[in-house]
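User: Hello! I am new to reading protein models, and I would like to learn how to look at this one step by step. Could you guide me?

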Amino acid sequence: MKYLLDTNICVFYLRGRLNFNHFVEEPWRNICCISEVTVLELRYGAENSNHPQKPHQAVDIFLKGLSVLPTT
């Protein structure tokens, strides 16, 4: 079984409002995935923040090792 993480869950996690480390750390990282649309939404949010470099770095770290599913 795989879990598809939506944008809201990812944003809550990145802002420290949700603790689901057991899902995004090994070995659970193998069963979690994210869609291309969610990646784009995270990047859009990071780019439109007051200091984009920090949120982009957080997104990079979060995405490392997660499977990204194409929209097609």
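Analyst: Gladly. Let us begin with burial: a residue counts as buried when its relative accessible area is under 20%. C32 has a relative accessible area of 1%, so C32 is buried. Please keep in mind that this is a predicted model.

User: What about C33, is that cysteine buried or exposed?

Analyst: C33 counts as buried, at 3% relative accessibility. In the protein chain, which has 72 residues, buried residues make up 26%.

User: How many disulfides does the structure hold?

Analyst: The general idea is a distance test: two cysteine sulfur atoms must lie within 2.5 Å to count as a disulfide. The structure holds 0 disulfides. C32 is in none, and its nearest cysteine sulfur, that of C33, is 7.4 Å away.

User: Now the overall layout, please. How many helices and strands are there in the protein chain?

Analyst: The protein chain has 4 helices and 3 strands. Read from the N terminus on, the elements follow the order β-α-α-β-α-α-β.

User: Where does Y3 lie?

Analyst: Y3 lies in strand β1, which covers residues 3-5. With 32% relative accessibility, Y3 counts as partly exposed.

User: What share of the contacts in the protein chain join residues at least 24 apart?

Analyst: Take the contacts between residues at least 6 apart in sequence: 71% of them join residues at least 24 apart.

User: Could you show me some contacts of single residues?

Analyst: Let us take T7 and T38. T7 lies in helix α1, and T38 is placed in helix α3. T7 is buried, with a relative accessible area of 16%, and T38 also counts as buried, at 6% relative accessibility.

User: Which residues does T7 contact, leaving aside neighbours within four places in sequence?

Analyst: With those neighbours set aside, T7 is in contact with T38, E41 and L42. Turning to T38, and not counting residues up to four places away in sequence, T38 touches L5, D6, T7 and C10.

User: How do I read the way two helices pack, and at what angle do the axes of α3 and α4 cross?

Analyst: Look at the distance between the axes and at the angle between their directions. The axes of helix α3 (residues 36-47) and α4 come within 8 Å and cross at roughly 155 degrees. An angle over 145 degrees counts as roughly antiparallel, and α3 and α4 are therefore roughly antiparallel to each other.

User: Which residues of α3 and α4 meet?

Analyst: On the α3 side they are V39, L42, R43, A46 and E47, and on the α4 side P55, H56, V59, D60 and L63. Sorted by class, this contact of α3 with α4 has 6 nonpolar, 1 polar and 3 charged residues.

User: How many aromatic pairs does the structure hold?

Analyst: There is 1 aromatic pair in the structure. Y13 and F62 form this pair, with 5.5 Å from centre to centre and 40 degrees between the planes, and the pair is tilted.

User: Which parts does the pair of Y13 and F62 tie together?

Analyst: Y13 lies in helix α1 (residues 7-14) and F62 in helix α4 (residues 53-63), so the pair ties together parts that are 49 residues apart in sequence. F62 itself counts as buried, at 3% relative accessibility.

Key: Residues are numbered from 1 along each chain as its sequence is written. This is a predicted model: local features need pLDDT of at least 70, side-chain atom pairs count only at pLDDT 80 or more; totals for chains, interfaces and linings use all residues. Side-chain values use heavy atoms; hydrogens and water are left out. Rings of Phe, Tyr and Trp (its six-membered ring) pair if their centres lie within 6.5 Å; planes under 30 degrees apart count as stacked, over 60 as edge-to-face and the rest as tilted. Buried means under 20% relative accessible area, exposed over 50%, partly exposed in between (1.4 Å probe, protein chains only). Axes are lines fitted to C-alpha atoms, for helices over the stretch in contact, and angles run from 0 to 180 degrees between N-to-C directions. Angles under 35 degrees count as roughly parallel, over 145 as roughly antiparallel, 65 to 115 as roughly perpendicular and the rest as oblique. Contact means heavy atoms within 4.5 Å. Ala, Val, Leu, Ile, Met, Phe, Trp, Tyr, Cys and Pro count as nonpolar, Asp, Glu, Lys and Arg as charged, and the others, Gly among them, as polar.
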